[in-house]
Amino acid sequence: MMLDDSVTPPPAPSVPAQPSTGILGILANRRQQIIDEQVLRLEVPRWDSPKLVIEFKPVPHAILRRAANEQEKRVKDSSDASKQANTEIDTNADILINGCIRIIAVLDDGEEMGLGVDGEFTRFGPDAALACGLPQGATARQTCRWMFVTDADLLRTARTVSKWSGYREDDADEAIEGE
C-alpha cells in the first residue's frame with residue numbers, strides 16, 4: 001500500500017467517555033488541551049518572498065512504521081541505487097504529508113495565506129499542487145517533493161518532524177531507513 005495520498009491519519013482509538021467533573025474530567029480536558037497545542041511550525045528551506053511554512057502535528061507511530069515497511073519492501077524489490085534513493089525520498093515525503101496540518105505562504109508584509117483557490121489553508125493535495133503550478137492530478141507526494149528544492153532539505157525536515165513527534169533520533173533513523 002502506497003502512502004502517497006494517505007493524508008488522513010488513522011482514526012483515534014475509541015476512549016470511554018470521560019466525566020466532565022472531578023479529577024478525571026480535569027485530566028481529560030488537560031490531555032485534550034496538550035494534544036491541541038502540539039503544532040510544529042517549520043519554514044521550508046530556501047523559500048523567501050514568499051516564505052513557505054508548514055505546520056505539523058505529531059506523526060503517529062503507525063504512519064512512521066508503515067512508511068518504513070513500505071520503503072523496506074520497495075528497496076528489496078530493486079537493486080538500482082537510484083530507485084532506492086528515490087524510495088527513501090518518497091518515504092520521507094509521506095511522513096511530511098501525513099504530519100501536515102496546513103501549508104502557509106507568508107508574504108513580505110507578514111500576511112499569511114493558504115494555498116487554496118481562495119487563499120484558504122490547505123494540506124498537500126490538489127489545491128496545493130495547483131498553487132505550485134503542477135499539472136492537474138499531481139499527487140500529494142509530487143507536491144511535497146516540489147516544495148522542497150533539494151532532497152536533503154526534505155530528508156532533514158522529515159527527521160525533524162519525526163524527532164519532534166517523540167522519536168529519538170536513532171529510533172527515527174532506524175524506522176525511516178528501515179534498518
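**A strand pair, a ring pair and a helix**

Strands β1 and β2 (residues 51-56) run antiparallel and pair over four bridges; strands pair if DSSP finds at least two bridges between them. Strands here are DSSP E runs of at least two residues, helices are H or I runs of at least four, and both are numbered from the N terminus. This is a predicted model, where local features need pLDDT of at least 70, side-chain atom pairs count only at pLDDT 80 or more, and totals for chains, interfaces and linings use all residues. Residues are numbered from 1 along each chain as its sequence is written, and side-chain values use heavy atoms, with hydrogens and water left out.

**The strands**
- Leu40 and Leu42 make up the covered face of β1 (residues 40-43), while Arg41 and Glu43 are on the uncovered one.
- In a regular strand, side chains alternate between the two faces of the sheet.

**The rings**
- Searching the whole structure turns up one aromatic pair (Phe, Tyr or six-membered Trp ring centres within 6.5 Å; planes under 30 degrees apart are stacked, over 60 edge-to-face, the rest tilted).
- The pair is Trp47 with Trp146, tilted at 45° between the planes and 5.7 Å centre to centre.
- Trp47 sits in the loop between β1 and β2 and Trp146 in helix α5 (residues 140-147), so the pair ties together parts 99 residues apart in sequence.

**Helix α6**
- Helix α6 (residues 151-164) has 14 residues.
- Its buried residues (under 20% relative accessible area, 1.4 Å probe, protein chains only) include Leu154, Leu155 and Val161.
- Just after α6, Gly166 has a positive phi of about 115°.

How values were computed: Expected span 1.5 Å × (residues − 1). Buried < 20%, exposed > 50% of the residue type's maximum accessible area, 1.4 Å probe, protein only.
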